[in-house]
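This report describes a structural model in terms of its chains, domains, helix packing and local backbone features. The sequence and structure are shown first.

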Amino acid sequence: MAAYLARRLTESMLILIGITFVTYALLYLVPADPVRQIAGRSATAETVESIRRQLGLDLPFYQQYWRYLTSLLQGDLGRSYIQRSEVSELILARLPASLLLMAAAIFAELVMGLTMGIISAVRRNSATDQTLMVISFIGVSAPQFVVGILLLYVFSVQLGWFPIGGYGTPSHLVLPALTLGIMGAGWYSRMMRSSMLNVLGQDFVRTARAKGLSKVRVVLRHAVPNALLPIIAMIGIDIGIFMSGIVVVESVFGWPGIGQLAWQAIQRVDIPIIMAVTLVAAFFIVMGNLLADIIALFIDPRIKLK
Amino acid sequence: MDILRRLLQRRLALFGVIVITIAVVAAALANWIAPFDPDEQFFDGLTLEGAPLPPGERFLLGTDLLGRDLLSRLIYGAQTSLIIGIVANGVSVLIGSVVGIVAGFTRGFIGAALMRLTDLMMAFPALLLAIVLAAIFKPSLWIVALVIAMVNWVQVARIMYSETVSLSERDFVEAERSLGASRGRILIRHIAPHLLSSIIVFGTLGISTTVLLEATLSYLGIGVQPPTPSWGNIIFENQTYFATAPWLVFFPGLAIVTLALAFNLVGDSLREVLDPTMKGRH
């Protein structure tokens with residue numbers, strides 16, 4: 001186990017370094033000149049060149065990247081070109097809002113998805129089952145910006161139940177979390193349905209029924225906990241999917257997280273911030289996958305360590 | 001033919017096929033069936049205060065913020081969605097299949113290198129990567145298609161890799177090998193046909209993902225650029241009006257969801273129809 005963990009962590013580390021290289025190379029190719037953005041339109045050619053030298057952007061690619069990587073390994077994410085502050089401070093200030101949003105979205109998708117999946121499996125092949133499965137398909141086919149704008153229109157503009165956007169109170173959290181969670185709810189309901197069907201056909205469920213337990217008790221106490229096992233591992237992978245989703249959801253709802261930070265940085269070619277957000281997102285994805293594998297290992301001892 | 005018949009017997013798949021057919025026909029015949037030129041800004045397409053018109057008799061689905069006919073823009077937008085959906089997904093299925101099959105069949109150094117590359121790509125937040133790529137290249141229709149393909153091939157590669165590995169360990173491949181069949185023959189005659197059904201299934205399901213990603217990039221303003229209509233950029237252009245002119249978000253949104261849903265339903269049914277182990281178990 002310890003050897004497995006050590007190997008996986010080393011692999012993760014290498015993947016993250018690979019990510020910094022690919023992202024740095026891509027951003028090096030951006031035709032827009034970040035120095036012009038910093039210097040402003042009225043800057044003279046000398047000012048532009050002196051800023052370029054100061055930031056080390058006149059160096060050849062491999063030297064620039066080496067400088068970036070060595071300072072990164074010392075924990076220095078660099079300074080924002082435009083916001084004139086340390087990138088690590090900007091990220092740390094924004095990260096809690098994003099993590100809150102993702103936690104709420106995971107809660108929302110699990111509640112919606114698992115409920116739908118359980119009902120579908122128990123009422124297999126009924127009209128209820130078919131309706132719920134069509135709904136789950138619609139859920140995975142709806143882009144987040146459409147869901148977000150429609151929820152805003154119905155619940156904020158028309159009904160006035162929730163604020164139109166912003167951050168601060170629990171009621172600000174409801175619509176963005178639902179928007180981020182709906183796609184996952186669609187996937188979870190389908191997975192939970194097939195997991196439940198699998199469990200409901202097994203001997204221990206038949207035994208529980210034969211003991212004369214009520215149907216509700218059989219489903220909730222015996223079937224659901226066992227059906228949940230393969231689903232739990234998926235939560236780790238969700239984190240990765242959410243890292244993409246927050247860019248859209250935060251921009252629709254004006255949610256002050258790292259997704260919005262990334263989006264603003266991309267528009268202004270603020271390379272240190274783009275690098276940092278990509279790295280943070282990749283970190284969560286890699287750790288989420290690792291977590292998923294480890295949970296699966298604990299749940300099902302039959303999985304062999306390879 | 002048998003497969004097609006079994007597919008069309010399923011109500012949801014039939015719905016999907018009908019929606020896709022309507023979208024393809026609308027896109028192909030856009031020049032003839034669109035009531036107006038999608039780029040023409042009508043003088044009577046705005047209210048006296050300059051606001052977009054709601055759905056009505058002359059403009060069936062209303063007009064947008066520049067007084068253009070929304071229905072005509074949606075019909076031309078179907079071209080954008082379908083071209084990108086099919087081209088981008090075709091390219092990503094091609095890249096993903098080649099990478100996955102080569103890695104799974106050859107193993108060794110090339111296989112390991114290809115799979116490490118796939119692992120690396122899996123750790124990228126897909127949308128963020130697409131946004132960075134789209135911001136680097138000035139987005140045109142084909143660039144957007146390429147950007148999406150660069151992001152989406154990874155999933156296909158993973159699936160093809162694991163299927164190829166499991167197939168090449170099966171007894172019938174071993175038997176072929178001991179009879180002295182060449183590697184090329186084993187790959188083409190014995191492994192590839194088994195992979196075909198997965199390729200068809202993911203080729204269909206992937207179009208849905210692609211349509212959604214194109215719409216999202218266009219909504220962010222870095223996908224297909226106006227005035228070329230795309231369902232995503234129609235929402236992008238008009239979103240400031242969504243409180244007073246909700247049809248400008250509702251109809252393009254409905255179009256995106258319906259088309260993505262159609263490809264999902266057909267892909268999912270194909271998976272069941274093509275899977276020999278699922279026969280007779282609807």
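The sections below go from conventions to chains, contacts and single residues.

## Basis of the description

The model is predicted, and local features need pLDDT of at least 70, side-chain atom pairs count only at pLDDT 80 or more, and totals for chains, interfaces and linings use all residues. Residues are numbered from 1 along each chain as its sequence is written, while chains are lettered from A and ligands numbered from 1 in the order in which they are written.

## Domains of chain A

Chain A is divided into domain 1 (2-73) and domain 2 (87-299), with bounds that come from an automatic or database domain assignment. The C-alpha centres of domain 1 of chain A and domain 2 of chain A are 33 Å apart. Their contact takes 13 residues from domain 1 of chain A and 11 residues from domain 2 of chain A; two residues are in contact if their C-beta atoms, placed from the backbone, lie within 7 Å.

On the side of domain 1 of chain A that touches domain 2 of chain A, helix 1 (2-28) and helix 2 (34-39) of chain A each supply at least two residues. Helices (H or I, at least four residues) and strands (E, at least two) are DSSP runs, numbered from the N terminus. Helix 1 of chain A gives the largest share of that side, nine residues. By class, the side of domain 1 of chain A that touches domain 2 of chain A holds eight nonpolar, four polar and one charged residues. Here Ala, Val, Leu, Ile, Met, Phe, Trp, Tyr, Cys and Pro count as nonpolar, Asp, Glu, Lys and Arg as charged, and the others, Gly among them, as polar.

## Overview of chain B

Chain B has 11 helices and zero strands. Its C-alpha atoms fill a box of roughly 80 × 45 × 30 Å, taken along the principal axes. Of the 282 residues in chain B, 46% are buried; a residue is buried if 20 or more other C-beta atoms lie within 10 Å of its own, exposed if 12 or fewer, and partly exposed in between, with C-beta atoms placed from the backbone. Among the contacts in chain B with a separation of 6 or more, 70% are between residues 24 or more positions apart.

## Contact between the chains

The contact between the chains takes 31 residues from chain A and 31 residues from chain B. On the side of chain A that touches chain B, at least two residues each come from helix 1, helix 6 (127-141), helix 7 (144-158), helix 11 (234-253), helix 12 (258-267) and helix 13 (271-299) of chain A. That side of chain A has 26 nonpolar, five polar and no charged residues.

Helix 6 (residues 126-136) of chain B is mostly covered, with 10 of its 11 residues buried. The cover of these buried residues includes helix 1, helix 11, helix 12 and helix 13 of chain A, together with helix 7 (141-168) and helix 9 (183-219) of chain B.

## Helix packing

In chain B, helix 2 (residues 11-28) and helix 4 (residues 70-106) pack at an angle of about 110°, with their axes 8 Å apart. Axes are lines fitted to C-alpha atoms, for helices over the stretch in contact, and angles run from 0 to 180 degrees between N-to-C directions. Helix 2 of chain B and helix 4 of chain B are therefore roughly perpendicular (angles under 35 degrees count as roughly parallel, over 145 as roughly antiparallel, 65 to 115 as roughly perpendicular and the rest as oblique). The contact joins Ala23(B), Val24(B), Ala26(B) and Ala27(B) of helix 2 of chain B to Ile75(B), Ala78(B), Gln79(B) and Leu82(B) of helix 4 of chain B.

Helix 7 of chain A and helix 11 of chain A pack at an angle of about 25°, with their axes 9 Å apart, and are therefore roughly parallel to each other. Gln144(A), Phe145(A), Gly148(A) and Ile149(A) in helix 7 of chain A meet Gly245(A), Val248(A), Val249(A), Val252(A) and Phe253(A) in helix 11 of chain A. The residues of this contact divide into six nonpolar, three polar and no charged.

## Individual residues

Ile20(B) lies in helix 2 of chain B and is buried, with 20 other C-beta atoms within 10 Å. Leaving aside neighbours within four places in sequence, Ile20(B) is in contact with Ala262(B), Phe263(B) and Val266(B).

The peptide bond from Pro226(B) to Pro227(B) is cis, with omega near 10°, and Pro227(B) is found in the loop between helix 9 and helix 10 (231-238) of chain B. Asn125(A), in the loop between helix 5 (87-122) and helix 6 of chain A, has phi near 65°, a positive value in a residue other than glycine. Asn125(A) is exposed, with 9 other C-beta atoms within 10 Å.
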